[in-house]
Amino acid sequence: MILAQSFLFAVLCCSQQTPAAGPNAAPASDAGWRDLNRVAQIVNEEMLTSRAIVHSIVRENQRRHFANEGEAQEAETQFRLDHVKAALAVQAGQDLGLEPAQVDRRVKDYLERMKEELQGSAGMAAYLKNKDMTLLEEQDQDRDMLYARFWSNYVTGEGPVGDARQSRDRFVSPSYMRYSYRQCLEHPERLREIGGKGQEVVLQQLDIDPQSAGGPEQGRALAEELRRRIVDGEDMGDLVERYGAMKNRRGMNEPLEESRLRRFDSAVGAFLVEAKPGDVSDVMEYKRKDSMRFRIWRLVERTTAVVPDLTVFVVQKRLADRIQKDLSDWRREQAYGVLSRASYVWPEGLLPR
């Protein structure tokens, strides 16, 4: 169930000038009644109202300014999903049996430290005003974040759960680290994760617009002629400036990772398999919805991959961090599924069960 997008977007468009009055209010009925607010979502015993959704989306719009109704709708859908996950995490954290007084004490200490960092009450007031929140709202939010963090630590093993010990193993075995390292070698685009980089190429391109050449047949004939002239030694940059539809930097591209380029453009990938610096591709045809281009590529330079050594500590640390992050993300998503199946979430379908 999505709020009426036309109304919501109208609220967002005027939110910078005047406060939105009566969000999601329905026209007056024959009896003179109208909805001032309504329940839009339920997670167990917690309800989310349409007014709270509009208020949150208005805040988001003030932060990044939606361009159209589609962006506003996407933000609302994401907010609803995030709210379900957040509510389940907070409720699960509360079920861990943490002492409420201890949680309140931690929230109070956190706010005191924040106040010191913001240089007193005036800085704290400005911070809350910028977030469009009251101090009580900030306290409630921080308390919920603490409960959610305790639950996340409990299911992932990333940190302590109150006074309890960690109960999830996060040890990365040497054999699994070697396996992850081999995966980086087999998929060069992942080498950056451990401080390396894949093999890169510098390409020069010449685009011919058939419309400017008199039509598709004339455009291809011109492209074939220009390719022959490049192969015969004529400067490709000069031809780009004279005939090219794109003249930026005389057709020179920034260094591109070859493995990514092959996946993105299979035709270029096929050319690069056997190409050596200086080689020129055949004329390639690129079609889009409303346009067509004939394109010629020239391989200017190829640099070899940088492959870090697995025996280096920093490489092992980066591998371990990535493995542990992936493990935590997987455990968290699995736990959300367990919570969702054991909870009442309305409307249905917000989380996989």
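Biologist: In which sense do strand 5 and strand 6 pair, and over how many bridges?

Modeller: Two strands pair if DSSP finds at least two bridges between them, and strands (E, at least two residues) and helices (H or I, at least four) are DSSP runs numbered from the N terminus. Here strand 5 and strand 6, the latter spanning residues 292–303, pair in the antiparallel sense over 4 bridges, and Met284 has Arg295 of strand 6 as its bridge partner. This is a predicted model, in which local features need pLDDT of at least 70 and side-chain atom pairs count only at pLDDT 80 or more, while totals for chains, interfaces and linings use all residues. Residues are numbered from 1 along each chain as its sequence is written, and side-chain values use heavy atoms, leaving out hydrogens and water.

Biologist: What is the order of the strands in the open sheet, and which are the edge strands?

Modeller: The order is 4-3-6-5, with antiparallel pairing; strand 4 (256–257) and strand 5 (284–287) are the edge strands, each pairing on one side only.

Biologist: Which strands does helix 9 touch?

Modeller: Contact means heavy atoms within 4.5 Å, and angles, from 0 to 180 degrees, run between N-to-C directions of axes fitted to C-alpha atoms, for helices over the stretch in contact. Helix 9 (residues 216–231) packs on the sheet and touches strand 3 (200–208), strand 5 and strand 6, its direction making about 20° with that of strand 6. Helix 12 (residues 266–274) lies across strand 3, strand 5 and strand 6, at about 40° to strand 6.
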